[in-house]
2 protein chains.
Amino acid sequence: MRYSYQYPHPAVTTDCVIFGFDGNRLNVLLIERGIEPYKGQWAFPGGFIRMDETADECARRELREEAGLDDAYMRQFYTFSAVDRDPRERVITIAYYALVQQRQVTGGDDAARAQWFALDQVPRLAFDHDVILRHAIDALRRQIHFEPIGFELLPQQFTMTQLQRLYEAVLAVKFDRRNFSNKMRHLGLLDELDEKSILPNKKEAFLYSFNRENYAEFKERGFRLEF
Amino acid sequence: MRYSYQYPHPAVTTDCVIFGFDGNRLNVLLIERGIEPYKGQWAFPGGFIRMDETADECARRELREEAGLDDAYMRQFYTFSAVDRDPRERVITIAYYALVQQRQVTGGDDAARAQWFALDQVPRLAFDHDVILRHAIDALRRQIHFEPIGFELLPQQFTMTQLQRLYEAVLAVKFDRRNFSNKMRHLGLLDELDEKSILPNKKEAFLYSFNRENYAEFKERGFRLEF
DNA sequence: TGTTAATTGCGTAAATTTTACGCAATTATT
DNA sequence: AATAATTGCGTAAAATTTACGCAATTAACA
């Protein structure tokens with residue numbers, strides 16, 4: 001008991017919902033807790049903020065320490081402050097979601113066990129992390145309308161079908177293959193590459209990459225897919 | 001110095017950007033600080049979170065205490081955590097914006113002085129509140145595409161022109177009067193009332209009100225105005 | 001009181017975008 | 001060799017967006 005204040009202070013943590021895309025479905029990376037409370041249950045990587053780091057830095061550090069992930073796309077989406085969301089003490093958590101290429105991480109490292117779960121197979125989570133997950137999905141869906149966020153989930157080069165599967169997975173809808181392709185190509189967000197893909201069990205297809213020059217403008221002006 | 005912890009805890013506050021609409025422009029309500037730091041400078045109403053209240057409750061309490069506002073529409077939009085954003089100690093603030101009918105509040109009450117400022121006439125603000133304001137405007141613009149948020153800023157009954165002015169003020173664009181009206185009426189979001197308005201210096205016009213039944217669906221599915 | 005300007009209601013034609021498909025060519029599977 | 005899946009390239013119809021016209025009413029002002 002070494003740090004004292006005139007008024008009570010809550011503890012502050014960051015938690016990070018990590019979304020990955022396996023080419024077909026959207027998944028989340030969970031960590032099995034090694035300590036109480038909720039020992040043995042699944043939770044998002046996260047931890048207490050240090051006095052010399054911002055929330056962004058904290059979230060990024062936890063991501064590295066607990067999930068072995070560097071350079072992930074991250075976004076703060078909500079701060080959860082229910083009074084009794086942590087049994088130990090008053091803890092307010094600043095929640096982020098991250099988008100990563102799923103193959104980057106397979107197992108976690110260190111002591112903790114990390115595992116990918118499909119969105120409809122997520123077990124009961126520690127703390128109020130169920131609530132946090134629901135909010136994260138909502139935030140991601142909202143964001144995907146305004147920003148070409150999905151590109152963070154795909155490899156540098158991808159086929160149109162891969163891109164479509166991603167959008168379908170995030171928004172939980174189905175698009176017409178030809179219309180999706182037409183719309184995407186006319187948006188100017190993609191560069192059509194000369195190469196073609198060689199994917200297992202697939203016919204070869206054109207490869208695309210993300211056009212960084214137009215990225216900023218689409219972030220500003222927003223863009224929307226039919227649905 | 002009466003509250004001690006094993007690890008250092010940051011202080012946590014909420015701050016609230018209050019948007020009002022005067023029929024023509026979007027304004028923010030600022031409070032002149034009566035105490036150090038930044039005494040005499042303008043800032044958003046806000047204050048330290050209590051251990052028995054959520055951030056939502058805290059923001060609502062501060063709104064009532066400092067701006068005399070009850071029942072405002074409020075929304076958390078970002079948490080600011082720069083290490084030295086407060087000269088006193090490490091303070092993390094959970095930021096909200098509120099939408100109110102501007103006539104509800106004129107002057108603040110209590111000791112503090114409250115005043116409406118047009119967005120382009122906001123003075124230098126205390127702390128990092130300039131940054132917070134910028135983020136709040138961005139968040140509001142983003143939100144207005146998905147949710148019929150603007151209705152919180154208008155009286156129960158309003159004319160189509162009033163609604164258009166509101167959207168124009170928030171998005172900083174101009175719409176064609178006839179197209180705006182057509183689109184809005186076809187959206188099904190409005191109830192056309194039998195009454196007509198009697199506004200000063202205006203020709204009488206039909207009054208509309210917000211159709212609460214369709215509100216939820218539009219929150220879900222989103223809707224977008226041309227621009 | 002007469003004239004001008006602003007405001008409102010009600011259109012409509014053209015341009016653009018969305019939507020719903022067809023069809024042939026290539027590749028994997030059996 | 002036959003069948004199914006995948007991809008590329010269209011196109012016509014439907015729906016929406018965009019850019020205006022025009023008359024009627026009210027306010028403002030000479």
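Predicted model: local features only at pLDDT ≥ 70, side-chain atom pairs only at ≥ 80, totals over all residues.
Q: What makes β1(A) and β1(B) a strand pair?
A: Pairing needs at least two bridges found by DSSP. β1(A) and residues 3-5 of chain B have three bridges, in the antiparallel sense, so the two strands count as paired.

Q: Why is the meeting of Arg142(A) and Glu147(B) called a salt bridge?
A: The cut-off is 4 Å, from a side-chain nitrogen of Lys or Arg to a carboxyl oxygen of Asp or Glu. Here the N to O distance is 2.6 Å, so the pair of Arg142(A) and Glu147(B) qualifies. Across the interface of chain A and chain B, the rule finds two salt bridges.

Q: How many residue pairs are in polar contact between chain A and chain B?
A: The count is 20, with both residues at pLDDT 80 or more. As for where the side of chain A that touches chain B comes from, β6(A) gives the largest share, four residues.

Q: What makes 19 residues on that side of chain A nonpolar?
A: Their residue types decide it, because Ala, Val, Leu, Ile, Met, Phe, Trp, Tyr, Cys and Pro are counted that way. The side of chain A that touches chain B also has 10 polar and 13 charged residues.

Q: How do you know how much area chain A and chain B bury?
A: You take the accessible area that the two lose on being put together, summed over both. That comes to about 3,700 Å², with 57% on carbon and sulfur atoms. In chain A, the residues losing the most area to chain B are His9(A), Met51(A) and Phe146(A), together 18% of what that side buries.

Key: Residues numbered from 1 in each chain as written. Chains lettered and ligands numbered in written order. Heavy atoms only, no water. Buried area = accessible area lost by both parts, 1.4 Å probe. Polar contact = N/O pair within 3.5 Å; in protein donor to acceptor, adjacent residues only side chain to side chain.
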